[in-house]
Amino acid sequence: MSRTALRICPLCEATCGLTLTVEGTRVTGARGDRDDVFSKGFICPKGASFGAVDGDPDRLRTPLVRRDGELREATWEEAFDAVAAGIRAVVDGQGANSVGVVLGNPNVHTVAGALYPTVLLAGLGTRSVFTASTVDQMPKHVSSGLLFGDANAIPVPDLDHTDHLLLIGANPLESNGSLCTAPDFPGKLKALKARGGTLTVIDPRRTRTARLADRHIAVRPGTDALLLAAMAHVLFAEGLVDTGELTPHLEGVEELREAVGDFTPEAVAATCDVEASEIRALARELAAAPTAAVYGRIGSCTVPHGTLASWLVDVLNILTGNLDRPGGALFPQAATDRTPRPAGPSHGFALGRWHSRVSRHPEAKGELPLSALAEEIDTATEEGEPIRALVVVAANPVLSAPDGNRLDKALGSLDFMVSVDPYLNETSRHAHVVLPPPPPSQSPHHDFAFNTLAVRNQVRYTRPAVPLEPGRMAETEILARLILAATGMHGADPSAVDDLVIGQTLGKAVKDAHSPVHGREPSELSAALTGDTGPERRLDMMLRLGPYGDGFGVRPDGLSLTKLLAHPHGIDLGPLKSRLPQPLKTRSGKVELLPRPIADDLPRLREALRQRPDGLVLVGRRHLRSNNSWMHNVPALTGGTNRCTLHIHPEDAERLGLKDGGAVRIKGAGGEVVTEAEVTDGVRPGVVSLPHGWGHDRPGTRLGHAAKDPGVNVNQLLDGSLLDPLSGNAVLNGIPVKLAAVATL
């Protein structure tokens, strides 16, 4: 007997609502939820394959504990006993910083990943923290922190209302959007064009998104910041700056004018390989549009000047008066955001509060570069103990970080490692304990992170579509028990973690004069929380204290978990609105257009004006049916055009003697790989492209389908030495490589 159940898709940032078909405890189908207030029925191939992802037979079902050198099935009690013994031995012997924590991208797609890692980090007290952000979006966090005082205050384009959208390094027709949560991004771009708007795409590849554009600029990889700086120069030089209602909230406009003075279109044209006249046209069109938004993504982040490029995206939005206005780029307001505080000077944002032990990389947003993880494990210095234990939650850095071979070896040298992962993959195979979370159908879902980046304010929550199988443990309980085991409280009831967070949060709220519960008793508020689990009680608390909340009865029409559960397709909270100056947390209380770290990094950008790379450079690419390394074990999502091939332009292929379908050796600073060449004019001459997330050929994994067509690890071409200095983000795009034809794969 089949039934249907609602579920928010956790497989990419679009967060589409799904209607699942369930037979017994098995998901047999998925379609878009037409009544979902946000996605309105849209679905992509990943969402349609939800059942196959959920039911993958290679998913681990019981914990694994290493005994006599082999990972063997164990009970949950045995697994957490081993965790407590392994981590506490390192903490007691070498100190907290000898325990590293690695958090992967899937954490932002789950309730557990949103609610528990911060508690784990606080409990451990370690500064050895690494996440997927430093191979992805850390430059945007840093630029937002410097501009607005808050690393998480990221403006998103108002896709539904803008007249002119300029995308740089973004391919939302394949990615579904990133740092911009928008179900049916393709439909929104088509609607933009249908209402007479303009779409401009800056990308070295003629992507699906670029083919839809009115104007496509095939920029030389890695020169994004130069191009954007030249556009800013044109706005000043031609009197096109119009900050409008933003003006009272800005600091440093004249200093900015001087700072971009050297970046004329003529000065950057040769390096960017874009005509000066084209650059001027880009700036003029942006300024002339009734409303406009500039949006940059991973292609403009994972380059040598990623933070400067991210900063300049918002600079262009500001100089044209399009920041914080409908049709421009706006700050979303999520239902679980903290209670808004009055505008005014705040604490600001700081970089480099501590440094990595070996290469002295500065922290950014409390994190060290993932590129530095291997050396922090395998290199001894006088600056403290190396990392001897590692907690890895939903991460596969052997594939996602530069020089996976070195990291692979380093992981094998650890005294202890625990992985929270549904698979035995290239990283978790090194663990002493593997704790497998249940499949997504057996977990609740609320988008804590992505609603802060959504193109429309809304709130949705779905309880598990399928009951937890016997022998499984909820991911929230796994992480709660992990926290207890790692922080010397092994054996305590896991509810103690949620109770601790609730008590601390309410204790602060009642002392906050701006909180709706100021002056009340925390125990009274705690007793009023609803929900069947600790995580649900925490969600109820956040909703009720948040910007739309009922304030624990102060605003009867406000949000609570009870109200949200009564609206299974979600609650629409309206379009994005102007919010300045409230989101600003800078020391001045204004948008600080030229913060000191940015000004100090501009000479490095000026040096780039003299660089003329004459060889081939490598960029990555994304496929609609992939999300990093997650989904290559699902047959429905691999094959066809989703293959690990090297895209190369026909001119370059002919010059190098490469044939379509032939084998090609690719050499970079970190090593070499051999894969299949795919000759295509979808990349510009001088550029080759290899997708990220492949390389499933290491022994000891249990990824049966992925191993049949493993592909190669593009990050093995990197040695980890190239970083954006402000953010610590790995440079993954614009990497020099050399190619040679080989006889066979």
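Figure 1. Buried means under 20% relative accessible area, exposed means over 50%, and partly exposed lies in between (1.4 Å probe, protein chains only). Helices (H or I, at least four residues) and strands (E, at least two) are DSSP runs, numbered from the N terminus. In soluble globular proteins, nonpolar side chains tend to be buried together.

Residues are numbered from 1 along each chain as its sequence is written. Because the model is predicted, local features need pLDDT of at least 70 and side-chain atom pairs count only at pLDDT 80 or more, while totals for chains, interfaces and linings use all residues; side-chain values use heavy atoms, with hydrogens and water left out.

**Figure 2. M231 and its contacts.** Which residues does M231 contact, leaving aside its neighbours within four places in sequence? They are L166, I279, L282, A283, L286 and L316. Contact means heavy atoms within 4.5 Å.

**Figure 3. Helix α12 and the residue just after it.** P265, V268, A269, T271 and C272 of α12 are buried. These buried residues pack against α10, α13 and α24. Just after α12 comes D273, with a positive phi of about 60 degrees. D273 is not a glycine. It sits in the loop between α12 and α13. Its relative accessible area is 42%, so D273 is partly exposed. Most residues other than glycine have a negative phi, and most peptide bonds are trans.

Figure 4. N628 is not a glycine, yet its phi is positive, at about 55 degrees. This residue lies in the loop between β21 (616–619) and β22 (645–648). N628 has a relative accessible area of 23%, so it is partly exposed. The second detail is a peptide bond. From L580 to P581 the bond is cis, with omega near 5 degrees. P581 is in the loop between β19 (571–575) and β20 (591–592).

**Figure 5. S371 in its loop.** S371 is in the loop between β14 (329–330) and α16 (373–378). Is S371 buried or exposed? Its relative accessibility is 14%, so S371 counts as buried. Leaving aside neighbours within four places in sequence, S371 contacts P402, G720, L723 and A730. S371 and G55 are 316 residues apart along the chain, and their C-alpha atoms are separated by 33 Å.

**Figure 6. Helices α3 and α19.** Two packed helices are described by the angle between their axes and the distance between the axes. Axes are lines fitted to C-alpha atoms, for helices over the stretch in contact, and angles run from 0 to 180 degrees between N-to-C directions. The axes of α3 (residues 76–94) and α19 (residues 475–486) come within 8 Å and cross at roughly 40 degrees. The two helices are therefore oblique to each other. Angles under 35 degrees count as roughly parallel, over 145 as roughly antiparallel, 65 to 115 as roughly perpendicular, and the rest as oblique. The crossing of α3 and α19 is right-handed. A crossing is left-handed if the near helix is turned anticlockwise from the far one by less than a right angle, and right-handed if clockwise. From α3, the contact uses W76, F80, V83, A84, I87 and R88; from α19, it uses I478, R481, L482, A485 and A486.

**Figure 7. Helices α20 and α22.** Helix α20 (residues 495–509) packs with helix α22 (residues 534–545) at an angle of about 15 degrees, with the axes 9 Å apart. These two helices are therefore roughly parallel to each other. Their crossing is left-handed. In α20, D498, D499, V501, I502, T505, L506 and A509 meet G534, P535, R537, R538, M541 and L545 of α22.
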